[in-house]
Amino acid sequence: MKKSMFLTISLASCIAASAFALEAPAVPPGHPKMPAAAPAAISAAPAAAPAAAPAPLAGKVLQTMNAGGYSYIYIEKTDGTKVWVAVTQVAVKVGDQMSFKPGMVMEKFESKALNRSFDSIIFSDGVLSGGSTAAVPDPGKNEGVSPGSRGATKDKAAKIPVTRATGPNATTIAEAYSKRATLNNKKVVIRGQVVKISSGIMGKNWIHIQDGTGSEKKKNHNLVCTSKTDIADVGDVVTITGTLIKDRDFGSGYKYTVIIEDTKITK
């Protein structure tokens, strides 16, 4: 019994001593009393400095094309590097100075609307300066399912006072449609009045002309001509020279029974 009590007291003494040791460390005689050790404070890590905002994309426009509601713009930055930028469709032309918000980089991106691939392209969040976000005309999107001969036309009753072109390869718009199989991939010369212009789309100017031949009902009275260099104003009477292509399909619904490509315009 005495032995058991002795062991109990000894054990209690050890526990008390251990508790005291944890409460305050031993100090030399005469040293001020140390306060009881407090639990270690959990210190919050200093907040990381915010990352610097990505620099805008700015440079000179070298090439531009529109498709599927986007403008694909190739720019040369001030450091000489060149990059493709895609942004919601805007009015832009080669030579413009533009600045874009940063965006997501897409590697090996394939545009089905353009039927081409880009090694790298940046989908920007928007234009900062340059260009215009005003509505940009598509070559026929506003006229229905397919542009072709359904391009913007004059009123049904309007008359087109145009004299037929003369000389080799001269023809009319109605004949371009009726003889398209024979004239396919051949040079033609046609005189007509400009009824619509869509510029800078897929890197081309799209000129719609009429000459008073054909009919709206048969859809053979309006002819679309494309040119990378030449342009005219609505209302101009012009002579176009170019290559007739039949059944031209650019994709995305842009199908043409007849179109004139690589067009040169004279007034």
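Colleague: What should I know about the model and its numbering before I start reading?

Modeller: This is a predicted model, in which local features need pLDDT of at least 70 and side-chain atom pairs count only at pLDDT 80 or more, while totals for chains, interfaces and linings use all residues. Residues are numbered from 1 along each chain as its sequence is written, and side-chain values use heavy atoms, with hydrogens and water left out.

Colleague: In what order do the 7 strands of the open sheet stand?

Modeller: Strands (E, at least two residues) and helices (H or I, at least four) are DSSP runs numbered from the N terminus, and two strands pair if DSSP finds at least two bridges between them. Here the order is E5-E6-E3-E2-E1-E4-E7, with mixed pairing. Strand E5 (103-111) and strand E7 (127-129) stand at the edges with a single partner strand each, so one side of each has no neighbour in the sheet. From one strand to the next the twist averages 45°, where axes are lines fitted to C-alpha atoms and angles run from 0 to 180 degrees between N-to-C directions.

Colleague: In which sense do strand E2 and strand E3 pair, and over how many bridges?

Modeller: Strand E2 (residues 70-77) and strand E3 (residues 82-88) pair in the antiparallel sense, over 7 bridges. As an example that you can find in the structure, Ile75 has Val83 in E3 as its bridge partner.

Colleague: Which residues have the most contacts inside the largest nonpolar core?

Modeller: A nonpolar core is a set of buried Ala, Val, Leu, Ile, Met, Phe, Trp, Tyr and Cys residues joined through side-chain atoms within 4.5 Å; buried means under 20% relative accessible area, exposed over 50%, and partly exposed in between, with a 1.4 Å probe and protein chains only. The largest core in this model has 20 residues, and Tyr72, Ile121 and Trp206 have the most contacts inside it. Two or more residues come from each of strand E1 (57-67), E3, strand E6 (116-124) and strand E12 (255-266), with E6 giving the most, 3 residues. There is also a second, separate core of 19 residues, which includes Ile173, Ile190, Val194 and Ile240.

Colleague: How many salt bridges does the structure hold, and which parts does the pair of Lys108 and Asp119 tie together?

Modeller: A salt bridge is a side-chain nitrogen of Lys or Arg within 4 Å of a carboxyl oxygen of Asp or Glu, and the structure holds 7 of them. In the salt bridge between Lys108 and Asp119, the closest N and O atoms are 3.6 Å apart. Because Lys108 lies in strand E5 and Asp119 in strand E6, this pair ties together parts that are 11 residues apart in sequence, and both residues are exposed.

Colleague: Is Glu261, which meets Arg248 in a salt bridge, buried or exposed?

Modeller: Glu261 is buried, at a relative accessible area of 10%, whereas Arg248 counts as partly exposed at 25% relative accessibility. Their side chains meet at 3.1 Å, N to O, and Lys204 is linked with Arg248 and Glu261 in a network of salt bridges.

Colleague: Where do Asp236 and Lys267 lie?

Modeller: Asp236 is in the loop between strand E10 (223-227) and strand E11 (237-249), and Lys267 is in the segment after E12, so that the pair, 31 residues apart, links distant parts of the chain. Their salt bridge spans 3.0 Å, N to O, and Lys267 counts as exposed at 66% relative accessibility.
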